Amino acid sequence: MKGGFVLNLMFFFFFFNLLLLLYPSTSFPLCTNSEAPINLKIPLKFCSYNGSSCCNSTEDSQLQKQFQAMNISDPSCASLLQSVLCARCDPFSAELFTIDSVPRPVPRLCNSTVSTNSSRSNQAANDFCSNVWDTCQNVSILNSPFAPSLQGQAGGAPVNSNFTKLTELWQSKTDFCNAFGGASTDGSVCYDGEPIKLNGTGTPSAPHGLCLEKIGNGSYLDMAAHPDGSNRAFFSNQQGKIWLATIPEVGSRGALQLDESNPFIDLTDEVHFDTAFGMMGIAFHPNFAQNGRFFASFNCDKGKSPGCTGRCSCNSDVNCDPSKLGTDNGAQPCQYQSVVAEYTANGSTAQPSSAENARPSEVRRIFTMGLPFTSQHGGQILFGPTDGYLYFMMGDGGGDGDPYNFAQNKKSVLGKIMRLDVDNIPSAAEINRLGLWGNYSIPNDNPFSEDSDLLPEIWALGFRNPWRCSFDSERSSYFMCGDVGQDLYEEVDIVSKGGNYGWRVYEGPYPFNPISSPGGNTSANSINPIFPVMGYNHSQVNKKIGSASIIGGYFYRSNTDPCMYGRYLYADLYSGAIWAATEDPENSGNFSTSTVQFGCAKDSPLQCSSVPGSENAALGYIFSFGQDNSKDIYLLTSSGVYRVVPPSRCNYTCSKETSTAVETPSPTTSPLPSYSNQLSPISWLLLSALLLLLLSIA
């Protein structure tokens with residue numbers, strides 16, 4: 001039996017290699033060691049590969065050490081070089097790194113766009129080889145993989161170990177890309193900075209596009225569905241006003257019904273509004289329809305507001321002396337405060353659900369804390385869908401590179417997500433005894449019960465500036481948070497109890513080296529960081545705009561666009577880019593992401609404009625996502641409020657729209673696309689050979 005199996009296995013590999021000779025122009029997953037890619041149980045830490053990869057965790061660690069040895073000081077160049085090294089882990093690495101049977105030190109870098117009839121749908125969207133040269137040409141790279149060691153390639157300077165820059169190693173960009181570049185054609189693949197994806201490989205493809213309709217002209221920072229389950233929602237702006245709006249039904253061609261002159265509540269007298277300050281978030285108690293309780297998170301100026309008197313976050317508990325901080329953008333340390341306050345709709349009506357206004361007088365102050373600097377203070381609040389506790393997202397407080405290491409300091413609430421019980425308010429004496437920041441109590445199962453070093457308020461730590469978190473409406477364990485990066489990487493995390501998300505030891509998956517550390521450092525060996533499940537490098541989006549800032553979103557769970565169902569949507573504030581992430585397999589934490597185009601429906605209730613030279617809608621800045629009680633998704637932007645509508649209204653193709661648009665697709669039984677008419681001859685031959693092998697074994 002064993003001998004027969006070995007012979008059959010030999011036959012299979014002989015047949016497999018014979019097919020390679022017969023069909024040399026067909027691309028398929030294969031690693032540089034001539035073995036098939038492995039299926040990862042957990043994503044790699046350094047290289048952004050999950051699911052199928054040619055690297056295991058050991059090889060991933062080796063690539064990280066190789067990258068660190070290059071000692072690249074420029075963040076943009078470092079980002080590109082990391083992706084180039086990590087191409088070794090690509091399921092198509094054999095073809096990327098072996099060209100004309102010659103092993104290459106780096107993958108074939110895309111230096112032309114795909115042809116219109118090419119099957120390589122996601123490759124070579126830009127001239128990646130030129131991008132590498134333009135970004136890195138004058139950057140020192142130790143042990144450079146771009147040394148001109150390729151025999152027979154013209155243009156290389158004489159090899160000299162003292163040469164560390166591309167301009168020293170190569171005479172021109174043309175010579176560099178002649179050596180390392182190549183086009184993506186139907187007979188080959190090239191590397192464009194992203195994992196290779198081919199049509200028909202079984203990888204879930206991105207939807208054709210996201211169709212939007214504009215239903216409001218106002219600019220809002222947050223949205224909360226009315227807790228009574230109706231078609232109403234609350235919208236808040238950064239200046240400090242909250243409005244109650246009625247949302248038109250999808251397909252009605254109606255606009256948002258909202259009276260700008262009559263806000264639900266006006267807190268502008270309390271709120272300090274500036275570029276990075278204002279009303280950051282709103283949250284309505286799950287029992288609002290009965291108790292009328294709601295909450296606002298905002299900033300105040302203690303020099304102008306008598307009630308703005310919280311304890312400074314730079315204090316002796318965290319080894320910080322506010323007198324040594326100096327001013328930041330003209331502000332004194334802890335001049336500005338981060339506040340969570342409670343209000344009520346009771347009193348204006350017998351039924352809070354029917355209340356159309358609320359008085360701007362606080363019921364109680366839940367939280368007040370002075371901020372050390374003038375940026376990165378988060379501020380979103382939301383209630384957990386199953387536990388009823390209030391989650392409060394707090395940034396690291398600002399400063400270049402979190403100089404006081406607040407995000408890793410377990411005695412600081414900066415750079416943390418807090419979890420507070422606002423239903424059980426202790427006495428003033430108890431609050432003072434426990435050293436709480438306001439009127440709340442601590443849930444008994446917060447992580448401090450397992451880690452006594454943690455402040456009891458902390459639910460998770462290691463964030464730079466969490467901007468927009470959400471719970472998946474179908475899986476409450478998927479608590480997704482976008483975390484704004486500094487110079488290199490924007491990330492999305494699945495947040496779990498007690499999790500450490502790395503900042504400032506890491507920025508996303510990259511080791512971070514702070515410029516200054518008056519507050520001390522945390523060693524990488526002392527923490528067990530949880531790396532992001534998705535994200536993007538700044539170099540992918542900021543070539544023209546010079547900045548990047550992630551906007552966390554939602555899992556799409558509406559039946560309005562069945563082809564978007566189950567995908568996680570997120571965006572970038574500045575670039576106007578929107579991503580759709582697909583988890584495969586479900587509940588694995590392994591996501592593949594791609595940008596999606598987003599057009600505006602021709603019959604949009606309010607007129608939309610398009611980005612010049614593009615089919616994308618001109619949204620301006622994307623501030624936040626929102627979700628209503630029907631699970632429809634909204635984009636809150638500087639140009640107005642947009643809702644995701646059926647793709648056919650933008651002439652986007654969605655095969656599921658006609659048959660399933662009236663039903664909510666099952667999250668666990670989404671039909672896989674059929675590839676029966678897409679398999680190439682080599683695929684049929686390989687399947688046939690594999691079937692023969694299995695039959696012979698049986």
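Q: Where does Pro 585 lie?
A: Pro 585 sits in the loop between strand E29 (578–583) and strand E30 (591–595). Strands here are DSSP runs of at least two residues (E) and helices runs of at least four (H or I), numbered from the N terminus. Asp 584 and Pro 585 are joined by a cis peptide bond, with omega about 0 degrees.

A word on the source: this is a predicted model, in which local features need pLDDT of at least 70, side-chain atom pairs count only at pLDDT 80 or more, and totals for chains, interfaces and linings use all residues. Residues are numbered from 1 along each chain as its sequence is written, and side-chain values use heavy atoms, with hydrogens and water left out.

Q: What kind of peptide bond joins Trp 503 and Arg 504?
A: A cis peptide bond, with omega about 10 degrees. Arg 504 belongs to the loop between strand E23 (489–494) and strand E24 (506–507).

Q: What makes Asn 405 count as buried or exposed?
A: Asn 405 has 6% relative accessibility, so this residue counts as buried. Asn 405 is in the loop between strand E18 (390–394) and strand E19 (416–420).

Q: Why are H3 and H5 called oblique?
A: The axes of helix H3 (residues 75–86) and H5 cross at roughly 140 degrees and come within 9 Å. Axes are lines fitted to C-alpha atoms, for helices over the stretch in contact, with angles from 0 to 180 degrees between N-to-C directions. Angles under 35 degrees count as roughly parallel, over 145 as roughly antiparallel, 65 to 115 as roughly perpendicular and the rest as oblique. H3 and H5 are therefore oblique to each other.

Q: What makes H5 oblique to H7?
A: The axes of helix H5 (residues 128–136) and helix H7 (residues 173–180) cross at roughly 130 degrees and come within 10 Å. That angle makes H5 oblique to H7. In this contact (heavy atoms within 4.5 Å), Cys 129, Ser 130, Val 132, Trp 133 and Asp 134 of H5 meet Lys 173, Phe 176 and Cys 177 of H7.

Terms used:
Buried < 20%, exposed > 50% of the residue type's maximum accessible area, 1.4 Å probe, protein only.
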